[in-house]
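I opened my notebook and wanted to know how this chain is packed. Here is what I looked up, entry by entry.

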Amino acid sequence: MSKLTKNQKLVAEKVEAGKAYSLKEAAALVKEITTTKFEASVDIDVRLGVDPRKANQMVRGVVSLPNGTGKVTRVLALCTPDQEAAAKEAGADYVGLDEYIEKIKGGWTDVDVIITMPSCMGKLGPLGRILGPRGLMPNPKSGTVTMDVAKAVKEVKQGKIDFKVDKAGIVHTSIGKVTFTPEQIFENAKEFISTIIKLKPAAAKGTYIKSIFLSSTMSMGIKVDPKSAE
């Protein structure tokens, strides 16, 4: 068995094995056990009692984190000329339509979110093979296909994220940075979990939220008592 490093020993002393911490305790503890030299992200994993293979048990939604994500989100607004000025004013990093569609066809995908209008979706159809695997294809359910492009851009810039349960029944996302205060981490986690609870499918039976873990980049996971997050 390999020996624990100094940092690993410190972390092991702070986190009690098998203990389920309250969400507030975990929000403070995740900062204490982060030993990376870069600004780590704070991640949350929520295991749900659903079968994602069944359409009526799919959990997908959007949430606006009260304290933002802590990272710069690069936004491309694909819109008609009459919406361009408003999209730029709202903070879009790239604004246009045909010229960016051609760039994407050529392999350019240097953005985090693409927002567009219903009338422009026809032009994006052929880009599905490029944008789909990267999670960049606009979708009405995530609010990235809308008539009010400027509003959508502003929301994404302020910390709106979309999420979807994976094949294993887990919803995973980043909810901030370790430089956030414990209160900010708690508030973001609480809002995220509350949104998931509201999205509980009627077809889901038994325990809906099976487990919650909070962690930072490269840190161990901290078990959270689901009741403390309700």
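My entries go from the core to a few helices, and then to single residues.

**Ground rules.** I'm working with a predicted model, where local features need pLDDT of at least 70, side-chain atom pairs count only at pLDDT 80 or more, and totals for chains, interfaces and linings use all residues. Residues are numbered from 1 along each chain as its sequence is written, and side-chain values use heavy atoms, with hydrogens and water left out.

**Core.** I started with nonpolar cores, meaning sets of buried Ala, Val, Leu, Ile, Met, Phe, Trp, Tyr and Cys residues joined through side-chain atoms within 4.5 Å. Buried is under 20% relative accessible area, exposed is over 50%, and partly exposed is in between (1.4 Å probe, protein chains only). The largest core has 38 residues, and Ile44, Leu48, Ile175, Phe192 and Leu214 have the most contacts inside it. Elements giving two or more residues to this core include α2 (23-32), β1 (41-48) and α8 (182-198). I noted that α8 gives the most, with six residues. Helices (H or I, at least four residues) and strands (E, at least two) are DSSP runs, numbered from the N terminus. Apart from this core lies another, of 29 residues, with Ala90, Tyr100, Cys120 and Leu124 among them.

**Leu214.** I looked up its contacts (heavy atoms within 4.5 Å). Leaving out residues up to four places away in sequence, Leu214 touches, among others, Ala26, Val30, Ile44, Ile175 and Val224.

**Helix α8.** I checked its length: 17 residues reach 24 Å from first C-alpha to last, close to the 24 Å expected at 1.5 Å a residue. The expected span is 1.5 Å times one less than the number of residues. Buried residues in α8 include Ile185, Phe186, Ala189, Phe192 and Ile196. Their cover includes α2, β1, β2 (60-64), β6, β7 and β8.

**Helix α3.** Which residues of α3 (81-90) are buried? I found Gln83, Ala87 and Ala90. They sit on the same side of α3 because they cover an arc of only 55° around the axis; the arc is that of the directions from the helix axis to the C-beta atoms. On the other side, Pro81, Ala85, Lys88 and Glu89 are exposed. The buried residues of α3 pack against β3 (75-78), β4 (94-96) and α7 (149-158). Gly91 follows α3 and has a positive phi, near 115°.

**Rings.** How many aromatic pairs does the structure hold? I got four. Rings of Phe, Tyr and Trp (its six-membered ring) pair if their centres lie within 6.5 Å; planes under 30 degrees apart count as stacked, over 60 as edge-to-face and the rest as tilted. Phe163 and Phe192 have ring centres 5.1 Å apart and planes at 75°, so this pair is edge-to-face. The pair links distant parts of the chain, with Phe163 in strand β6 and Phe192 in helix α8, 29 residues apart. Phe163 is buried at 4% relative accessibility, and Phe192 is buried at 0%. Ring pairs also link Tyr94, Tyr100 and Trp108 into a cluster.

**Thr146.** My last stop was Thr146, in the loop between α6 (128-131) and α7. Buried or exposed? Thr146 counts as buried, at 19% relative accessibility. Among the residues Thr146 touches are Ile115, Met117 and Ala152.
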